[in-house]
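Have a look at the structure first, then work through the points.

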Amino acid sequence: MQDLIAKFDRVFIHADSVDSLVAQRVFSLFPREQIEVVTERPFAKSEGELSAQEFSRSKRMLYLCKYPGQFFKRCPGSRPGLACCNYFVLNWGLQCDMNCSYCYLQSFINTPVLTVYSNLDDALLELEDIGKTMRDHALRVGTGETVDSLSLDEITLYSRRLISFFRDYPKWSLEFKTKSAKVDQFLESPHAGNVIVSWSLNAQPIITSEEHGTASLEERLAAARRASDRGFKLAFHIDPMIWHPEWRENYSELVRQITSRFTPKEVSYMSVGALRFQPEQRHMMRERFGLNSHVTRAETFAGADGKLRYDAEVRQEMFKHILDTFTSADPAWRIFMCMETPETWLKTAGASPFKDDALKDLFDPSVLHAASRVETKPVQSFFT
Amino acid sequence: MVVRGMSLIPIVQCDRRLDFSPRAVWPMAMPAVAWRGILLTGFERTSGDVLDLWQNNRCTWVEAFTSVYPSLGLAELARLHRILASDYTILAYEYGESLFSFYGLRWNDRLSQTIKWLGTADREFQDWVDEKKLGARDLAPLTSAPPMNDWLKNLIALPLSKSQVVKAIENGVDLHMMGRPLTELCKGDTETAENYFARLETMRRPQTAGRDQAQAEEILKWPWPAQTRAEWRRQGDQAGLEIHLRAVSPADLKKKLERLNSIGDTWSCKT
């Protein structure tokens, strides 16, 4: 906990959030002189595209405020041309305390602080409202899109409240997605068996060189074991796969680490994805990480959606390697490709996800359609 | 209706000049323009009359300046910013944001960084930036790179399109930051601009270029029907076969398609 607190130079709490549970917790954890109650967002003049320095500084400035808009949004992958899972996003914050060289937050964050929304109750009310029409759908709700689901959880304890809420919706599932090892704060929480704790995993050499400030592979897998032992479901995302000269050996070792510690039954699903980022992000990455990074040195090209990716053949080769390594360990492993085109699916897995019995329930379009009827606001432009 | 003539003052009464060396010369047929005694145009003049817009209509400095310079290049703005920041700090502080906003730029840390970098660059390079109409984002790679003046001098002499220039800047900066010496990044004496541009691209993405080249050579060995041109081409993150085929009759077309089918089999075997 002290390590986490030490990450922040300042904590700002908006006056409208002072009485919130999360603010009360912050008051109890941080030295009072580090906290400032404000009536407007700090660094109000910094907005629009952030410079590299402003972006780096934003990670050290914690800001609690109410979120005035709609919390519940649909996953960015669910749009024409991309095969994607039935995934819905609950953003309770913006920015991350960790520092991955490829992080896509670098392409759209325009606020100079790490924001945590204090009105989680409003988000839960929105979910209750959605529950009126969708209680019996197999809805998946994730919280790790614009903020790591668990890295700040020792401060917010939002996991406990979400787990408790989802006890009343046993057909829904709640997914935490993290690169931290912070699970102990919610392991004792009673749950309905519908909470998936997922880890974004990578080969340890890539964690060391590209995922700064995150937990090691060993720590992540150990945390996954603790969560699994408490009845929480697991998911692993090998994403983004990053090409480097020793990628075959290093990703084989990653698969070995996973398959030697977990059985396919213990892991609800696995996804793989390859490095991808918005073109405008490369300037920020170059400035923040130089060219001594496998990410900034990557040979990337614009894909059909405008994002920069490896050559399609390289991606297929990498995915195939992962799929083959898993299935040679045990054919029962379920793996899907995130943010990939149907062509890549066909060339790598030999079938569209919609035709794969093992994956069909993850890609059921009927859930997407049902949910789009309750949406009142389009997905924000930075997802497109 | 009473029409009031605009009053002019002698240029000698303007004791300050906001001379940011604009690329366009103020027309001799017009009086020079000033705002509260600060000369905004006609900096080369030593005599004649000046129209002081503040005295005539009490407009703000930004209103006066933007009415005489409705469009400016990024490098001109960089020079202007340099003068404002050193000699007219109050104007810069009060009007800086609205001035840049008039030219479609949002003032922030990133723009400030680029403007400051560009303001100290060689004049030749600055003029080239404005000729090519380059924007702040196009120059972003240069602000994080070590000085590359010799390379930039080499680059601006080449007949490249704007999109090629933007790509070349990015590739050049990346390669230099990856440890390539500037001499290696400059155009060779016998190299054409197009070849040079392609070389930078190959140097930046050597593995993909190598694979594409090998594939291009491989397909040349395949038994193509007559009057068929096949090329291995890259489009973004995918490379593939492009075939141009000419048939002179339905029978000819059928025959050629059969031949192409057999090439498809050859291709399948190779992958």
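R309(A) counts as buried, at 5% relative accessibility (buried is under 20% relative accessible area, exposed over 50%, partly exposed in between, with a 1.4 Å probe and protein chains only). Its salt-bridge partner is D305(A), with the closest N and O atoms 2.5 Å apart; here a salt bridge is a side-chain nitrogen of Lys or Arg within 4 Å of a carboxyl oxygen of Asp or Glu. D305(A) itself is partly exposed, at 28%.

This is a predicted model, where local features need pLDDT of at least 70, side-chain atom pairs count only at pLDDT 80 or more, and totals for chains, interfaces and linings use all residues. Residues are numbered from 1 along each chain as its sequence is written, chains are lettered from A and ligands numbered from 1 in the order in which they are written, and side-chain values use heavy atoms, leaving out hydrogens and water.

- Over all chains, the search finds 36 salt bridges.
- D121(A) and R161(A) pair up at 2.2 Å, N to O.
- D121(A) sits in helix α5 and R161(A) in helix α7 of chain A, so this pair ties together parts 40 residues apart in sequence (helices are DSSP runs of H or I, at least four residues, and strands are runs of E, at least two, numbered from the N terminus).
- K182(A) meets E154(A) at 3.3 Å, N to O.
- That pair also links distant parts of the chain, 28 residues apart: K182(A) is in the loop between β10 and β11, and E154(A) is in helix α6.
- K182(A) is partly exposed at 24%, while E154(A) counts as buried at 19%.

**Where chains A and B meet**
- The contact (heavy atoms within 4.5 Å) takes 33 residues from chain A and 27 residues from chain B.
- Seven salt bridges cross this interface.
- One joins R234(B) to D311(A), at 2.9 Å, N to O.
- R282(A), R286(A), E170(B), D174(B) and R204(B) form a salt-bridge network.

**Nonpolar cores**
- The largest nonpolar core has 108 residues, and F236(A) and W199(A) are among those with the most contacts inside it (a core is a set of buried Ala, Val, Leu, Ile, Met, Phe, Trp, Tyr and Cys residues joined through side-chain atoms within 4.5 Å).
- Not counting residues up to four places away in sequence, F236(A) touches several residues, including W199(A), L201(A) and I258(A).
- A second, separate core has 71 residues, F20(B) and L91(B) among them.
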